[in-house]
Amino acid sequence: MRLTSSRLTQEVARIFADDGVIAQGVSGYSCRPQQQQMAALVSQAMSRADNLVVEAGTGVGKTYAYLVPALLSGQQVIISTGSKNLQEQLFFKDIPALLSMLDIKLNVALLKGRSNYLCQLNMERQLNGADVMDSQVLDDLLRINQWAGQTQDGDIGGLHSVSENSAALPLVVSSKESCIGKACEHYESCFTRKARQKAMDAKVIVVNHHLFFADSVLKETGFAELLPDTDAVIFDEAHLLPDIAVTYFGQQLNIKSVINLIERFAQLYRESMTDSAQIASMTARCYTLIEQWQAQVFATEQVNWRYLLADKAIMTASWALLQELTAYQTLLMGYLGRNEEFDDSVEKLNQQLSKLAVFFQCDNHNSAYSIEYGYRHMTLRISPINVTKECQALFRADTSWIFTSATLQINRDLGLFTQALGLKSAPTAILDSPFDYARQALFCVPRHLGSVSQHDNATKQLVDVAIKAINAAKGRTFMLFTSHRMLNQVAQALHGRVQYPLLVQGQAGKQTLLKKYRQLGNAVLLGTGAFWEGVDVRGKLLSCVIIDKLPFMSPDDTLYKARAEGVMRDGLDPFMSLSLPQAVITLNQGVGRLIRDEKDRGVLILCDNRIVNRPYGQAFINSLPPMHRTRDLDQAITFLQQID
């Protein structure tokens with residue numbers, strides 16, 4: 001039953017009252033006015049099909065503040081998160097707990113991107129080619145196949161018998177390129193199809209931002225529809241949306257997907273088209289050309305495609321490749337109708353060649369053309385510098401769109417976020433954390449720091465500060481870096497100079513490192529971007545966070561350069577309009593790792609004096625939690641020593 005606006009608001013207020021359902025059902029719960037206010041705002045927005053943008057500081061309890069109205073409203077709701085971890089926490093922990101407390105039954109679905117599900121057809125194909133396979137990959141494939149006979153949902157997240165980094169996994173998961181839709185003999189039992197069908201029938205659907213935009217913008221082929229048009233969409237970790245929107249309103253082409261298709265044509269030739277010798281010869285030639293072209297581009301290490309346009313050898317090879325692939329496409333078109341899988345593959349090749357041609361032409365001055373280098377293959381990206389109009393079209397007027405995060409504001413203003421997503425006249429609110437930061441946390445920018453641009457000296461002073469802080473904190477420290485280079489140098493310098501275990505990003509997966517950190521109880525974890533957000537370590541386990549420098553994006557970043565040129569054309573300063581806001585939000589995310597509970601205490605050390613020496617530093621300080629501040633490292637050391 002769908003509740004009226006006043007009824008929903010009243011019911012939500014009753015549930016969050018001092019003696020309400022939440023207080024009775026959650027051990028140690030304390031009523032927080034900010035949480036009550038957010039729940040009321042979400043209730044009103046959902047009831048009126050309004051939009052809402054709300055920053056809710058750490059400790060507000062924003063998850064329950066939007067979940068309770070969503071579960072009680074009677075509406076069909078999509079909840080989108082920025083990370084798989086939060087997605088699973090909502091589905092497996094928070095929503096079941098609330099449904100039990102509220103004593104209501106709802107059909108809830110968890111939907112991930114197709115690469116998270118096993119594809120039975122891909123599994124079958126790999127096993128058929130097992131005689132020419134690496135022994136370790138084959139061993140993992142056999143383990144996956146055994147699991148495939150037991151799993152109910154095909155979600156790779158439930159597969160524990162092989163490593164999450166196993167080379168076998170990409171071979172057997174679902175992909176848009178390999179999917180043949182209803183022509184597949186496994187269509188009825190397809191895990192991806194069943195997960196999507198379940199989502200269509202659910203009242204609450206939990207997805208992540210990438211899947212939401214893939215569905216809304218790209219409308220993947222293979223299945224007519226992924227997500228229903230719901231009454232409300234709630235975005236948690238909404239600070240990630242502007243960058244994700246750029247990815248999906250742009251265009252990307254993974255060269256590996258083109259190579260996979262060419263290999264598929266070779267296999268189809270061997271299986272059922274051996275009377276077409278020209279296919280075999282042109283397939284082999286195209287395979288060789290694309291591998292050679294990719295190696296040629298790899299050798300340049302250039303990420304900006306516009307810069308490569310002046311390289312005569314690269315451009316000659318590029319157009320020769322496109323010409324050969326186009327001739328190949330024409331040849332294949334002549335064999336349509338002989339095989340459904342062949343026809344489907346030809347259609348996918350047509351789409352990929354269209355993308356490749358657009359990338360090579362590079363004629364849109366309002367987009368950035370970049371190359372992302374992977375382990376063996378690269379991805380070609382076209383990224384628009386502004387997605388305001390596209391977002392305005394996406395966020396339909398008949399739906400309630402709710403955006404929340406702990407980090408959305410710059411200088412106490414949400415305007416940059418709302419402008420980036422085209423959210424005209426959306427109601428906004430900033431709800432500060434209920435934590436007593438002035439008592440619980442100390443923010444130290446040590447005196448006498450040299451310039452962070454002097455790399456060798458910056459590394460030495462960071463190591464010296466870290467050793468003192470780590471010893472005072474008895475381990476229990478996160479070191480967050482803005483570059484892998486600095487991380488590796490500091491990790492090497494700390495080795496043998498601190499007595500506490502060092503856990504370094506790259507030694508294992510993120511979740512494995514965090515699990516080990518919690519188990520050890522006195523470890524030091526060194527990480528880059530992945531550890532700046534979405535990490536929740538409470539209590540004495542984390543007493544100190546050290547950040548190497550202010551997290552400004554690289555001025556050489558291809559998308560940043562394109563955006564900067566666009567901003568300058570509008571008469572604005574790209575540093576103030578682009579660099580500074582992004583750095584403020586990223587720093588806030590890193591700082592947010594420190595205090596996660598009202599009983600936590602800790603020290604934040606930033607080894608970058610620009611925050612106090614440059615005029616723009618005040619924008620960072622105004623946006624950070626109100627921690628007590630000091631330039632005296634000894635004071636920070638004393639604070640750490642007193643945390644027991």
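User: Which residue is the bridge partner of Ser370 in S8?
Analyst: Arg381 is the bridge partner of Ser370 in S8. This is a predicted model, where local features need pLDDT of at least 70, side-chain atom pairs count only at pLDDT 80 or more, and totals for chains, interfaces and linings use all residues. Residues are numbered from 1 along each chain as its sequence is written, and side-chain values use heavy atoms, with hydrogens and water left out.

User: How many bridges join S7 to S8?
Analyst: 7 bridges join S7 to strand S8 (residues 378-384), and the two run antiparallel. Two strands pair if DSSP finds at least two bridges between them. Strands here are DSSP runs of E, at least two residues; helices are runs of H or I, at least four residues; both are numbered from the N terminus.

User: What's the strand order in that sheet?
Analyst: S6-S8-S7, an open sheet of 3 strands with antiparallel pairing. Strand S6 (251-254) and strand S7 (367-373) are at the edges with a single partner strand each, so one side of each has no neighbour in the sheet. The twist averages 10° from one strand to the next. Axes are lines fitted to C-alpha atoms, for helices over the stretch in contact, and angles run from 0 to 180 degrees between N-to-C directions.

User: Which helices lie across it?
Analyst: Helix H11 (residues 241-249) lies across S6 and S8, at about 110° to S8. Helix H23 (residues 558-569) lies across S7 and S8, at about 170° to S7. Contact means heavy atoms within 4.5 Å.

User: Switching to the 7-strand sheet. Parallel or antiparallel?
Analyst: Parallel. The sheet is open, in the order S13-S14-S12-S15-S16-S11-S17. Strand S13 (502-504) and strand S17 (628-630) are the edge strands, each pairing on one side only. Neighbouring strands are turned by 15° against each other on average, direction ignored.

User: How many bridges pair S15 and S16?
Analyst: Strand S15 (residues 544-547) and strand S16 (residues 602-606) pair over 4 bridges, in the parallel sense. For instance, Val545 has Leu604 in S16 as its bridge partner.

User: And what packs on that sheet?
Analyst: Helix H24 (residues 574-591) does, touching S12, S15 and S16; its direction makes about 150° with that of S15. Helix H21 (residues 484-494) lies across strand S12 (477-480), S13 and strand S14 (524-527), at about 155° to S14.

User: New topic. How many cavities of 30 Å³ or more?
Analyst: 2. A cavity is a set of points, on a 1 Å grid over the protein atoms alone, where a 1.4 Å probe fits but cannot get out; lining residues have an atom within 4 Å of a point. Grid points are joined across faces, edges and corners, and a volume is the space filled by probe spheres set on the points.

User: What's around the largest cavity?
Analyst: It has 18 lining residues, with Cys119, Ser174, Cys179, Cys184 and Cys190 nearest its centre. Helix H6 (120-128) and helix H9 (191-201) are the elements that give two or more residues to this lining. The space is about 170 Å³. By class, the lining has 10 nonpolar, 7 polar and 1 charged. Ala, Val, Leu, Ile, Met, Phe, Trp, Tyr, Cys and Pro count as nonpolar, Asp, Glu, Lys and Arg as charged, and the others, Gly among them, as polar.

User: And what lines the second largest cavity?
Analyst: Val452, Ala458, Gln461, Leu462, Met486, Asp548, Lys549 and Cys607. Helix H20 (residues 455-473) gives the largest share, 3 residues. This cavity holds about 60 Å³.

User: Last one. What does the C-alpha trace span?
Analyst: About 80 × 65 × 55 Å along the principal axes of the chain.

Notes
1 Å grid on protein atoms, 1.4 Å probe; cavity = no way out; pocket = protein on both sides within 12 Å on 5 of 7 lines; lining within 4 Å.
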